[in-house]
Amino acid sequence: MTNKLIKIAPSILSADFTQLGEEVKQAQDAGADWIHIDVMDGQFVPNITMGPLVVEAVKKVANIPLDVHLMTVQPERLIGRFAACGADSITVHVEACTHLHRVLGQIKSADCRAGVALNPHTSATALGEILDMVDIINVMTVNPGFGGQAFIRAMTAKIASLRAMVDRGGSNIDIEVDGGINSETILLAVAAGANVMIAGTCVFGHAGGIAAGIQDLRQAIASLDS
């Protein structure tokens, strides 16, 4: 995979919500490929974050894809609402879906790309029977629920397994890495085969500003070609 195809998806979980529209614009202007939106319900994960109205607001200022990640129980109840508010892709957790195949079909019927997230303890093999329904695989490299956690390096083996599985099937599936991405860990994720980097703190919390945070990630990716 050429490193020019690596996408950066800043996560607004780490943004300043008093300046959310402006920070999303800055990320987009700095070359972000997607905007990642973490939805947490206080049940599937401990934290409670944002809902459809935030997606609707971000859609008004962003002209790049909105990647909505449902860290919720019974995500099937929410898909229609997030799709109607402007989600371009919707990711659900395999651990939260009793009937995952049905839920993925529901996402596609809502004209969104369908994603599946895997918590650190969940094996790559969990996706074997439904891979033909999947557009995005989100590999959690932290335990979900909070931003700013450290990258779990053991997850690189799972990323590599999923990349091999996807390539064997000839599928055009994006493999995301979600959690602890910075200019060091992004090298591990790319080397393992991921092509979408969800980045929160290292972009929105960068001392030099949002553009500098994205630039640092781009420079790290470019270093793999040198």
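In helix α1 (residues 20–29) of this predicted model, the residues Leu20, Glu23, Val24, Ala27 and Gln28 are buried, where buried means under 20% relative accessible area, exposed means over 50% and partly exposed lies in between, as computed with a 1.4 Å probe on protein chains only. These residues lie on the same side of α1 because they cover an arc of only 140° around the axis, the arc being that of the directions from the helix axis to the C-beta atoms. Helices (H or I, at least four residues) and strands (E, at least two) are DSSP runs, numbered from the N terminus. The buried residues of α1 pack against β1 (7–10), β2 (35–40), α2 (52–59), α7 (201–204) and α8 (210–223), with contact defined as heavy atoms within 4.5 Å. Gly31, which follows α1, has a positive phi near 105°.

Residues are numbered from 1 along each chain as its sequence is written, and side-chain values use heavy atoms, with hydrogens and water left out. Because the model is predicted, local features need pLDDT of at least 70 and side-chain atom pairs count only at pLDDT 80 or more, whereas totals for chains, interfaces and linings use all residues.

The loop between β1 and α1 contains Phe17, which counts as partly exposed because its relative accessibility is 41%. When neighbours within four places in sequence are left aside, Phe17 is in contact with Ile12, Met50 and Val54. Phe17 and Phe44 are 27 residues apart along the chain, and their C-alpha atoms are separated by 23 Å.

The largest nonpolar core has 70 residues; such a core is a set of buried Ala, Val, Leu, Ile, Met, Phe, Trp, Tyr and Cys residues joined through side-chain atoms within 4.5 Å. Within this core, Ile12, Ile37 and Val58 touch the most other members, and α8 gives the most to the core, with five residues. For Ile37, again leaving aside neighbours within four places in sequence, the contacts are Ile12, Met50, Val55, Val58, Leu66, Asp67, Val68 and His69.

Strand β7 (residues 174–178) is mostly covered, since five of its five residues are buried. Both of its faces are covered, with Asp174, Glu176 and Asp178 on one side and Ile175 and Val177 on the other. Strand β6 (residues 136–140) runs parallel to β7 and is joined to β7 by five bridges, where two strands are taken to pair if DSSP finds at least two bridges between them. Together with helix α5 (residues 156–169), strands β6 and β7 make a right-handed β-α-β unit; a crossover is right-handed if, with the strands pointing away from the viewer, the path from the first strand over the helix to the second runs clockwise. Strand β7 also pairs in the parallel sense with β8 (residues 196–199), over three bridges, and Val177 stands opposite Met197 in β8. From β7 the chain crosses through helix α6 (residues 185–192) to β8, and this β-α-β crossover is right-handed as well.

Gln74 is found in the loop between β3 (66–71) and α3 (79–84) and counts as partly exposed, because its relative accessibility is 44%. Asp111 lies in the loop between α4 (100–109) and β5 (113–118), and its relative accessibility of 72% is why Asp111 counts as exposed.
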